Amino acid sequence: MLSLPDLMHTLGLDERYAECLRWSLTPFEQIAQSLETVRSVARRKRQSADSGLVEGDYVACFKRLLGVLSKPPTGLQLPTGTDVLCKFKDCQNAALNSSPLKPDIAFYRGPSMIRDFKDIHFVLEAKRHMTESEAYSSYLGQLADYALELKTLQPMRQFVPILFLYGCHLDLVVFTHGGHYRADIGHVLFKDDNECELHFGEVSMSLRHLWFLLTLPADEFGHLVQDFRPFKRAHLNSTTQPASFTPMYMPGMSNLTDIRRIERRVHMTGRCTYLFNVKYQNVDAVLKLSWIRTNRLPEGAVYKVLEAEHVPNIPEVFDSGILVESFCGYRLEYLVVQHCGVSIVDYIQSIRKEFMPDPVIAAKVEECVARVVHTLTAALRARVLHRDISAGNITVKGGRVFVIDWGCAKFMVPPSVELAAKISERWRFDCTDVIPVEQAKDPFTGTALYMSIQMLLRVRQRSIFNDIESLFYVILDALSTRSRERGSEDAPGFVMLSELSAAYMRLGCLFSDSVYLMNFGVEESKPFVPKAMLDAMYKFLFYEGNSFIGNKLQIRSGYERAIDPVTAAMFMHSATLESLQEVYQAPEQPTQVMGTPTRDLSDARTPDPTPGVLTMPVVPELPPPPPQPNFGNLTLASNSIMDAEDPFSQVHASPPLVPAADPAAANARPRREARRKPSPPPPSSRTLRSQIARQPGSAANSGRPNTRSTPAKTTSRKRRRGLNKENDQPVE
């Protein structure tokens with residue numbers, strides 16, 4: 001728990017709180033004295049000697065306190081910059097229009113009574129006769145539900161404040177995008193038991209803190225702007241927008257009209273995105289508001305790099321910028337981009353309903369795949385990896401394919417010095433800090449349903465092959481004609497119980513090239529299914545030669561797939577294939593790790609001869625192959641790519657590593673086996689004496705009958721003691 005001054009410092013309200021501390025306590029002491037009457041009324045309403053206050057009377061006591069604060073005594077004035085005190089409404093018995101939640105008291109600002117959660121400033125939840133540990137262990141989830149509802153309906157919120165009254169104690173709980181904080185305000189009511197009464201001075205200080213919170217302007221206490229009406233109305237004319245909203249925070253906002261919210265799930269913490277269909281200068285566009293961490297790559301900066309490198313099939317950016325540079329470790333970014341039509345899944349389903357000839361549908365699907373791969377390859381040349389290929393991020397409009405939503409993209413290496421300086425200054429970030437963070441987030445970035453097997457297994461190495469594999473699943477999803485519900489047996493490849501189980505399920509579904517389509521709900525007998533293209537993608541992604549590489553994807557964390565130009569040419573354009581080969585012929589792009597310097601690889605075109613670096617397989621059209629890594633006495637069978645440092649490579653690789661034809665190596669094995677069985681040591685003197693004593697004619701046995709057991713039993717007894725039956729030596 002934080003103190004209230006520490007929490008105000010975290011929220012950037014230090015100056016406001018310092019002004020609060022200068023207020024006189026006299027008016028609040030008068031309010032504290034008036035609470036005696038409240039306590040007496042509550043005591044008379046008590047049902048029995050042990051029941052205390054009922055829930056309704058308990059909230060009524062606090063409402064009476066708020067009523068007294070709304071008409072403060074002489075000497076208590078509203079702070080500078082506050083025009084009206086925050087109003088409240090009892091919502092215990094009636095849910096608001098837009099939500100089933102019923103907070104005890106809802107605070108709002110404005111001339112009219114609240115109608116739904118879009119108008120709420122903050123809420124209060126009260127629980128009577130609760131200790132601190134009981135209160136937060138039982139009701140923190142309920143407070144989080146209120147916060148999530150407010151965040152969902154109010155995209156411009158920086159944080160959500162909630163007052164929590166338990167017993168007679170009041171706390172302030174603040175939910176931000178990075179987590180939640182709790183601060184102690186103090187006792188604001190007198191307890192019902194006489195022995196638990198508090199002094200008026202303690203209560204008056206708590207009332208001063210409460211008055212401070214009730215008088216904070218909305219733009220400082222949770223909201224980015226005071227008036228939230230622009231995002232509430234279905235149709236908004238630019239002339240009705242508040243003057244304080246347009247020029248201060250979003251210069252291009254005056255060009256937006258007809259704003260309509262696109263429903264989208266909002267998470268309690270972490271990255272949070274809100275989408276709106278808008279008109280930008282009478283052109284269909286999409287407004288995107290994104291709360292992201294300050295050490296992550298802004299989407300606007302990615303679009304700037306892609307535009308500078310002339311990457312095709314990306315949306316046009318009309319306006320972009322930063323609304324909040326930094327708040328509790330997060331920034332608020334806005335983008336106004338071109339509207340790019342419908343998702344590829346909806347597009348394929350729509351052309352199937354238009355009764356087009358099946359060969360035409362198959363050709364359109366093949367062209368969509370080729371264009372998407374071309375875009376991803378062009379972005380890779382610009383040192384950008386998308387990392388979130390999903391059904392919603394591939395769209396089609398007017399016959400043109402777009403790859404959208406580059407908010408999860410990363411830079412493989414920093415851009416040029418000049419370009420990096422421009423984007424860093426505009427979007428307030430440092431490339432050298434962002435790149436290692438994005439590299440660490442590789443296994444956790446993307447849409448789980450379309451993630452590659454390696455990403456589902458949390459492999460910390462990502463490449464364009466993972467994006468192409470995600471595209472493969474997107475196309476299978478678009479062509480699927482069967483149910484993809486959770487637990488469905490019609491398409492087990494899309495069952496997503498957990499990421500780990502989904503990875504192993506897909507490995508099983510992809511093992512056989514004859515039934516993998518059926519495992520993803522695709523009927524290969526349908527004429528509109530481009531089976532040749534799907535088979536080519538399947539071989540390109542999951543085969544190395546004639547061997548299935550599922551075991552390598554599963555157990556080799558550093559495994560990098562090779563480019564097969566024959567299968568690649570069956571689903572991508574020739575120019576795309578040449579570009580991809582050129583990128584992978586260059587030295588391995590360094591994915592910068594914290595503290596590791598980067599290299600400028602813009603002009604590099606020759607393979608890296610360093611041993612241990614994996615290179616692409618050689619095809620006749622390409623330059624001579626790079627030198628093979630030195631594996632000692634092991635040689636590579638055929639022309640496969642192996643990792644000599646991988647302990648599983650000799651067991652699971654295909655084709656396997658074979659020993660070299662070296663006579664010295666062949667003769668080394670018997671010597672090693674001989675060393676494993678050393679010759680027995682000579683018998684000790686005690687052992688020799690015992691052997692002599694057991695001989696029939698020995699002096700040790702003369703004059704004494706032979707009372708020993710039979711030799712067979714003696715041998716058995718010796719073996720139980722761990723002795724060899726020939727020379728009484730320990731058995732190996």
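What follows is a walk through one chain, from its overall make-up to a few local spots. The model is predicted, so to speak of local features a pLDDT of at least 70 is needed, side-chain atom pairs count only at pLDDT 80 or more, and totals for chains, interfaces and linings use all residues. Residues are numbered from 1 along each chain as its sequence is written, and side-chain values use heavy atoms, with hydrogens and water left out.

Start with the whole chain. Its secondary structure comes to 24 helices and 21 strands, taken as DSSP runs numbered from the N terminus (helices are H or I, at least four residues; strands are E, at least two). Of the 732 residues, 48% are buried, where buried is under 20% relative accessible area, exposed over 50% and partly exposed in between, with a 1.4 Å probe and protein chains only. Take the contacts (heavy atoms within 4.5 Å) with a separation of 6 or more: residues 24 or more positions apart account for 63% of them.

Now look at strand β3, residues 105–108. In a regular strand the side chains alternate between the two faces of the sheet. In β3 both faces are covered, with I105 and F107 buried on one side and A106 and Y108 buried on the other. β3 runs antiparallel to strand β2 (residues 87–90), joined by four bridges, and also antiparallel to β4 (residues 120–127), again through four bridges; strands pair if DSSP finds at least two bridges between them.

Within the pair, T395 sits opposite F402.

Next, find R208 in helix α6, residues 200–214. R208 is buried but has no salt bridge, and the nearest side chain of opposite charge, E29, is 9.2 Å away. Here Lys and Arg count as positive and Asp and Glu as negative, with His and the chain ends not counted; a salt bridge needs a side-chain nitrogen of Lys or Arg within 4 Å of a carboxyl oxygen of Asp or Glu. What the R208 side chain does reach is the backbone oxygen of W23, at 2.8 Å. Beyond neighbours within four places in sequence, R208 touches C20, L21, W23, L25 and F28.

Last, the cysteines. The structure holds zero disulfides, a disulfide being a pair of cysteine sulfur atoms within 2.5 Å. C340 counts as buried because its relative accessibility is 7%, and C431 is buried at 6%.

Definitions and conventions:
Polar contact = N/O pair within 3.5 Å; in protein donor to acceptor, adjacent residues only side chain to side chain.
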